[in-house]
Amino acid sequence: METVKRKAHSNFSPKKPKTKSQHFWKTFYSQKILYMMSLPFVLWVFVFNYLPVWGWTMAFQNFRPGRSFFEQEWVGLKHFIALLSDERFYLALRNTLAMSLLGLTIGFVVPIIFAVLLNEVRHSLFKRTVQTITYLPHFVSWVVVAGIVTKMLSTDGGIVNDLLLKFGFIDKPFQFMAEGSWFWGIVTAADLWKEMGWNAIIFLAAIAGLDSQLYEAAKVDGASRLRQMWHITLPGIRPTILVVLILNIGHLVSIGFEKQMLLGNSLVVDYSEVLELYALNYGIGLGQFSYGTAIGIFNSVVSIFLLFLANGIFKRYSNQSVM
């Protein structure tokens, strides 16, 4: 009898749990089509985002074109020490942070306000027209935008100076593009005009996903449209706002160089030179490839640090994160 019980118990013994490797391959086999479809994009990211990291080795060498990897002279942290000892570097860092913070505050807040207000427009044709007009500048290159801004602020036939003279605000044309103290504001305003409509699309999409019953209940309770925006719309898109904010903070020191290079000139170079333009001038312009690579590494490390810092803070205090 005991033998029979033991056999019965052995037949109904629990199965061993699957390992992570077995679970992965089972999932891979069941969704192999999706994995195959994503493979080209994974390869694209690897080739253009991860493979170039090998070039960071130039920052630790006195890189000379034409020599093989093993023929280069290794200098350790020499270029990083020179970078942190250069006064021009801190000037470029100041300009980068100033324009980044202006873009983060104005260029981030205004699209949210625009999206919330545009959502309140009831005339569908007017709403679509405004949305189309505002996001079209995103597709215009910075070369064209810089030309438009320069012409508008010109002292010779510029519409801004003509209006200021007409209404008596100034006595003679003001040279906006020659004043360094105005450069940060000009870049921020131009970037806002170019990207406001495009940046508002993600917030409009988030608003479209809100439950319409919340607004109906608020109307029944007598809430005005302003109260509905404050208590329903903004809290409803709060997760989207925080995620976009975290990603924008991660790009504080990586704002590009196109608009600064195209709108800047020799008179405002102390206000227009950002880190990426500084790296371009030294790395390509002066042929100091190792020094330019060191600047690029600094940008990347600071961006990663800011991203993790912002993500950790928001994850702890608001339970929202991107990782």
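1. The second largest pocket of this predicted model has a volume of about 540 Å³. Its lining comprises 19 residues, and those lying nearest the centre of the pocket are N49, W56, G296, S300 and I304. Two elements give two or more residues to this lining, namely helix 3 (32-50) and helix 16. Of the elements involved, helix 16 gives the most, with 8 residues. By class, the lining of the second largest pocket has 9 nonpolar and 10 polar residues, and no charged residues.

2. The largest pocket has a volume of about 780 Å³. Its lining is made up of 30 residues, with G103, G107, D191, N199 and N248 lying nearest the centre. The elements that supply two or more residues to the lining of the largest pocket are helix 5, helix 9, helix 12 and helix 13 (258-263). Helix 9 gives the most, with 11 residues. In this lining, 16 residues are nonpolar, 10 are polar and 4 are charged.

3. G107 and N199 are 92 residues apart along the chain, and their C-alpha atoms are separated by 8.6 Å.

4. The largest nonpolar core contains 29 residues, of which F108, I112, F203, I237, I249 and F314 touch the most other members. Two or more residues of this core come from each of helix 5 (87-119), helix 9 (180-208), helix 10 (212-220), helix 11 (225-236), helix 12 (238-249) and helix 16 (289-317). Helix 5 provides the largest share, 7 residues. A second, separate core has 16 residues, including W142, V145, A146 and L277.

5. L277, a member of the second core, is found in helix 15 (residues 275-285). Is L277 buried or exposed? Its relative accessible area is 9%, which is under the 20% limit, and L277 is therefore classed as buried. Leaving aside residues up to four places away in sequence, L277 touches F257, M261 and S272. The C-alpha atom of L277 is separated by 31 Å from that of F314, a residue 37 places away along the chain. F314 belongs to the largest core, where it is one of the residues that touch the most other members.

6. S100 is located in helix 5. With a relative accessible area of 6%, S100 is buried. A polar atom of the S100 side chain lies 2.7 Å from the backbone oxygen of T96. Apart from neighbours within four places in sequence, S100 is in contact with L252, V253 and I255.

7. L84 lies in helix 4 (residues 78-84). How is L84 classed by its relative accessible area? The value for L84 is 45%; since this falls between the 20% and 50% limits, the residue is partly exposed. L84 is in contact with F89 and Y90, once its neighbours within four places in sequence are left aside. L84 and W44 are 40 residues apart along the chain, and a distance of 34 Å separates their C-alpha atoms.

Key. Residues are numbered from 1 along each chain as its sequence is written. This is a predicted model: local features need pLDDT of at least 70, side-chain atom pairs count only at pLDDT 80 or more; totals for chains, interfaces and linings use all residues. Side-chain values use heavy atoms; hydrogens and water are left out. A nonpolar core is a set of buried Ala, Val, Leu, Ile, Met, Phe, Trp, Tyr and Cys residues joined through side-chain atoms within 4.5 Å. Buried means under 20% relative accessible area, exposed over 50%, partly exposed in between (1.4 Å probe, protein chains only). Helices (H or I, at least four residues) and strands (E, at least two) are DSSP runs, numbered from the N terminus. A polar contact is a pair of N or O atoms within 3.5 Å; within protein, one must be able to donate a hydrogen and the other to accept it, and residues adjacent in sequence count only if both atoms are side-chain atoms. Contact means heavy atoms within 4.5 Å. On a 1 Å grid over the protein atoms alone, a cavity is a set of points where a 1.4 Å probe fits but cannot get out, and a pocket is an open set with protein on both sides within 12 Å along at least five of seven lines; lining residues have an atom within 4 Å of a point. Grid points are joined across faces, edges and corners, and a volume is the space filled by probe spheres set on the points. Ala, Val, Leu, Ile, Met, Phe, Trp, Tyr, Cys and Pro count as nonpolar, Asp, Glu, Lys and Arg as charged, and the others, Gly among them, as polar.
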